[in-house]
Amino acid sequence: MGYVTLKDTPRGNNYDTEYDVIVCGGGTSGVAAAIASARVGANTLLIEKGGTLGGQMNVSGPPGFAYARLWNPRGERDVAGIVEETYQRLYKENHALPALRYPVRDKAGFSFAYIDPDWWTDLIFEMIDENEVTLLLDSLVVGVLKDKDAVNGVIVENVNGRIEIKGSRIIDATGEGYVAIQAGAEIDYVDREKVQPHTLAFTVDGVDWDVLLQYVRNHPEQFSFKQLIFPFEGATTREEVLDWYSKCHDIKSLGELMGFYELRDIALENGDWHPYSGAGFFLIPREGGHIQAHFQHSSQVDNTLVTDAWDLTKCMAECRRQNKIAWRFFKNYVPGFEHAYITRTCNELRLREGPRIIGDYVLTRDDVEAARKFEDSIGKSSFKAGGYHVASMDTLNMIASLDTEEQPAGEINVKSDLAFPKDGGSYDLPYRILVSRNIDNLLAAGKSVSTDRPSYLRYLHQTMVTGQAAGAAAALSVKKRITPRELEKNVKELQELLVSQGVVL
Ligand SMILES: Cc1cc2nc3c(=O)[nH]c(=O)nc-3n(C[C@H](O)[C@H](O)[C@H](O)COP(=O)(O)OP(=O)(O)OC[C@H]3O[C@@H](n4cnc5c(N)ncnc54)[C@H](O)[C@@H]3O)c2cc1C
């Protein structure tokens, strides 16, 4: 099928249509939900407040590692489905790199399968069209329609005015539970004092990578090693990592460079670094072997609730201020950055911590640690629980001095919350974490699914796994004429559908 615009297709213009499934939010979770729903045969509407798709994948991103961690530390594949499908299509068109599993990070379960976020978005537009999802951009969902405790539509504001659109199932894929909150769903969120800091990412070109690599080889101890934080027998040692850095020939294999401790401390003394984050960036390979530096830790602003527009406004202004300081530091202190330049500062914040719905099950830190299996599994993850970012170098330094483990720049591991799936395995994600406990016909996908704070499922691949499952479940429940909650009694058909869509269960 050729490319069709909304103007060309009657399904796009019709506000009177009653949809089977309405997905709110066109980030990674929302697009996966919409595609999966349509594939089950549901008449599906995807509504996005911005003018494009991708959310944190491209509007406020990309994430440093995307796609990453598709295998667990045992080397078992635990994430596929729409993630893998998009990866394969991009790879065939030279917009993704081979999945890289560098020995220095492999034991901690790091894998990188870099994809180009701009081409990812173009592909998603194609897939939305191929699967006959109706797309409505530039439209903010501002409320829901309800019959008692069940949602049955949404209220949208856009250039057409304020519009009601009917839908049998509503999926909140806004990343921050905004629609669930409007529906009166029970949610869990932290206090303003506790919320993890948000950031504003920017991308840089023109770095002299040879000069920088020489600095890395000569000063390996100046960097933070995320791969050490893995309490496994046979895990990588500090000596191995130092050795790897000092002999590194391909800077891409390091994935990220966080630390620059000595230079940063001099800059701090000179008043040329701000005291809210560590220094560092991700290495993003692009087409033709080109590398860009992507900064997503150079600003960190705390005390910002994603549910308060005043907070978000202050946060954006403060991120811009901190990024300017960080950029001057890299230009003036870090070898190789002399002729570098910023190619793009994102125009939206990267929100690190938002509300989670309370579902029929709440995934816990202990589930992560036990690598728990669930009868109603809709996907898997091997990501740890309990790593939090902080916006204060004082806190970071204080915690680092108490702890023998390495602390990645900007992140602290709270010992009581920290958990890795046992034996390097993966834990199941139960279907019930997608289903709102008190509102019928409402599902969550992406960051706001039901977990406790430590086991927050915010990684990009996790959001696509929960998105795909929420979409398929919503559509199936419509087809079977039962509520998403009633579907919990027998998820066999849902699981078969997901497996047929390539999901690893
Ligand atoms: C600093 C940072 C670094 C990260 N690094 C990594 C990494 O290295 N690797 C990794 O895998 N993950 C990483 N992540 C996590 C990952 O990028 C995100 O958690 C994930 O992309 C979120 O997907 P989502 O679909 O839940 O939400 P989002 O991507 O936020 O999508 C939500 C969408 O909903 C839309 N929306 C919101 N409200 C409304 C409304 N009312 N009406 C209509 N539309 C609405 C938004 O415009 C947006 O498009 C990182 C996250 C952060 C913050």
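User: Quick one: where does Tyr67 lie?

Analyst: In the loop between S2 and H3; helices (H or I, at least four residues) and strands (E, at least two) are DSSP runs, numbered from the N terminus. Heads-up: this is a predicted model, where local features need pLDDT of at least 70, side-chain atom pairs count only at pLDDT 80 or more, and totals for chains, interfaces and linings use all residues. Residue numbers start from 1 along each chain as its sequence is written.

User: What kind of peptide bond joins Ala66 and Tyr67?

Analyst: A cis one, with omega about -5 degrees. Gly61 and Pro62 are also joined by a cis bond, with omega about 15 degrees, and Pro62 is in the loop between strand S2 (44–47) and helix H3 (81–92).

User: Switching to the ligand. Which residues come nearest?

Analyst: Gly25, Gly27, Gly55, Gly175 and Gly446, out of 38 residues around the ligand (C-beta atom, placed from the backbone, within 6 Å).

User: Which helices and strand each supply at least two residues of that shell?

Analyst: Helix H2 (28–39), strand S4 (140–147) and helix H13 (460–480).

User: How do H2 and H13 cross, and at what angle?

Analyst: Their axes come within 7 Å and cross at roughly 30 degrees (axes are lines fitted to C-alpha atoms over the stretch in contact, and angles run from 0 to 180 degrees between N-to-C directions). The residues making that contact include Thr28, Ala33 and Ala36 of H2, plus Leu460, Gly467 and Ala474 of H13. Contact here is C-beta atoms, placed from the backbone, within 7 Å.

User: What about Ile171: buried or exposed?

Analyst: Ile171 counts as buried because it has 33 C-beta neighbours inside 10 Å (20 or more is buried, 12 or fewer exposed, in between partly exposed, with C-beta atoms placed from the backbone). Ile171 sits in strand S6 (residues 161–172).

User: What does Ile171 touch?

Analyst: Leaving out residues up to four places away in sequence, its contacts include Val21, Ala33, Leu443, Ala470 and Ala474. The C-alpha atoms of Ile171 and Gly30 are 8.1 Å apart, although 141 residues separate the two along the chain.

User: Which domains does the assignment give?

Analyst: Domain 1 (6–72 + 116–188 + 355–382 + 428–500) and domain 2 (202–345), with bounds from an automatic or database assignment. Their contact takes six residues from domain 1 and nine from domain 2.

User: Last one: what is phi of Asn303?

Analyst: Near 55 degrees, positive in a residue other than glycine. Asn303 is in the loop between strand S11 (291–295) and helix H10 (309–333), and is partly exposed, with 15 other C-beta atoms within 10 Å.

Methods
Two residues are in contact if their C-beta atoms, placed from the backbone, lie within 7 Å.
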